[in-house]
Structures are given as C-alpha cells and as structure tokens.
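Visitor: I would like to learn how to read a model like this one. Please take me through the features in turn.

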Amino acid sequence: MDSAGQDINLNSPNKGLLSDSMTDVPVDTGVAARTPAVEGLTEAEEEELRAELTKVEEEIVTLRQVLAAKERHCGELKRRLGLSTLGGLKQNLSRSWHDVQVSSAYKKTQETLSQAGQKTSAALSTVGSAISRKLGDMRNSATFKSFEDRVGTIKSKVVGDRENGSDNLPSSAGSGDKPLSDPAPF
C-alpha cells in the first residue's frame, strides 16, 4: 500500500485507506517539477527523494493533527479535574523561579551582592566607630564642658523650682510669687 495515497485524517472513517484526493496536505507538485535537479543525482534518486519529502510532509501534518487532538484532550481532562489555568500558571512560575535560582548567573549575582553587603556593613561599622570616637573627643573638649555646665545650671534651676512645689518658670520681671497666665487661645 502506498503511504502517499493514504487518508491521514485521524477522525476519518477511511483512515489508512487509499483516497483519490489529498485535501489535508497542500502539496504543489508543479513547484517540485519545476525545480532543477541537483547535479550528481540521477532521475531515479531525485524521484525517490521527492517521494520521501512528500511522505515526511504528510507525517508532519499528521503529527500536528495528533498534537492538536492531544492538547484538546488534555484541556478537557484538566477542566474535568478542576485544574485551573491559574494553578498551572502558579506551577510554571514556581518552576521558572526554581530554574532561575539554580542558574549559575543567579548564583554569581547572589554571591556578588552578598560580598557587597558584607563590605558595605564593614564600611558603615568603620564610619560609625569614627563618628563615635569624634563625638567622644568633642565631649571631652573644653567648649563642650562649658556648654554642658551651662545646660546643667539651667536644668537645675528649672527642675529645682518644680521640686520645691512650684511648676512655674522663673519670671524675668522678678515676680516669682505670681503664677504665669495661660496664653490666649488661638
């Protein structure tokens, strides 16, 4: 039985039987006949190669039809099982993310960023130590001591009055006995 003349439609009741026309496979035999023969091939070899080419093209069409039927069947099974497209998308994304994580480029980038983070942390620690040391030096300076003494004196006057039972700030007018009036509301 010549496979070039077989009906390849998988849903056809005549599957595998000879058919007079090949409506499923558009093959332009005029183009094949017009192309010049490759040098070094006999007419018989050329005819054999053309027959094999026709057969392979028919197989490709058949495989495409089978694949489309399988994809439809797969979709139907997923629908009946309640598997959604979203679930498949989640699974594909998870698989893709896993593939990215195990890739050498990701590992190199992760290692580089880790090293950069460690160096940045060390640099910030060094800067922090330097600032702390400078603040300590500043605190021990005469200017800071003088400023600290003045703030301490003001604090003791304010806190001292409160400890004595008066919540009023000392008045500049010398009337320490009068309470300060509340400012007018806005």
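**Reading the helices, patch, bridges and pocket**

Guide: Start with Met138, which lies in helix H4 (residues 104-139). Helices (H or I, at least four residues) and strands (E, at least two) are DSSP runs, numbered from the N terminus. This is a predicted model, where local features need pLDDT of at least 70, side-chain atom pairs count only at pLDDT 80 or more, and totals for chains, interfaces and linings use all residues. Residues are numbered from 1 along each chain as its sequence is written, and side-chain values use heavy atoms, with hydrogens and water left out.

Visitor: How many helices and strands does the chain have?

Guide: Five helices and zero strands. Along the sequence the pattern reads α-α-α-α-α.

Visitor: Is Met138 buried, partly exposed or exposed?

Guide: Buried means under 20% relative accessible area, exposed over 50%, and partly exposed in between (1.4 Å probe, protein chains only). Met138 has 48%, so Met138 is partly exposed. Of the chain's 186 residues, 5% count as buried.

Visitor: Which residues make the nonpolar surface patch?

Guide: Patches are made of residues with over 30% relative accessible area and no salt bridge; like charges are joined within 9 Å, nonpolar side chains (Val, Leu, Ile, Met, Phe, Trp, Tyr) within 5 Å. Areas come from the Shrake-Rupley method with a 1.4 Å probe, and for residues only the protein chains shown count as cover. Here Val127, Ile131, Leu135 and Met138 form a patch of about 380 Å².

Visitor: How many salt bridges does the structure hold?

Guide: The term needs a side-chain nitrogen of Lys or Arg within 4 Å of a carboxyl oxygen of Asp or Glu. The structure holds three. One of them joins Glu46 to Arg50, with the closest N and O atoms 2.7 Å apart. Both residues sit in helix H2 (residues 43-81), four residues apart, about one turn of the helix. Glu46 is buried at 18% relative accessible area, whereas Arg50 is partly exposed at 28%.

Visitor: How far apart in helix H2 are Glu76 and Arg79?

Guide: They are three residues apart, so about one helical turn separates them. Their side chains meet in a salt bridge at 2.5 Å, N to O. Glu76 is partly exposed at 34%; Arg79 is exposed at 56%.

Visitor: Which residue forms a salt bridge with Arg139?

Guide: Glu148 does, with 3.5 Å between the closest N and O atoms. Both ends count as partly exposed: Arg139 at 48% and Glu148 at 32%.

Visitor: What is the volume of the second largest pocket?

Guide: Rolling a probe the size of a water molecule over the atoms shows where empty space is left. On a 1 Å grid over the protein atoms alone, a pocket is an open set of points where a 1.4 Å probe fits, with protein on both sides within 12 Å along at least five of seven lines; lining residues have an atom within 4 Å of a point. Grid points are joined across faces, edges and corners, and the volume is the space filled by probe spheres set on the points. This pocket comes to about 210 Å³.

Visitor: Which helix gives the largest share of its lining?

Guide: Helix H3 (residues 85-101), with seven residues. The lining includes Lys78, Leu83, Gln91 and Arg95.
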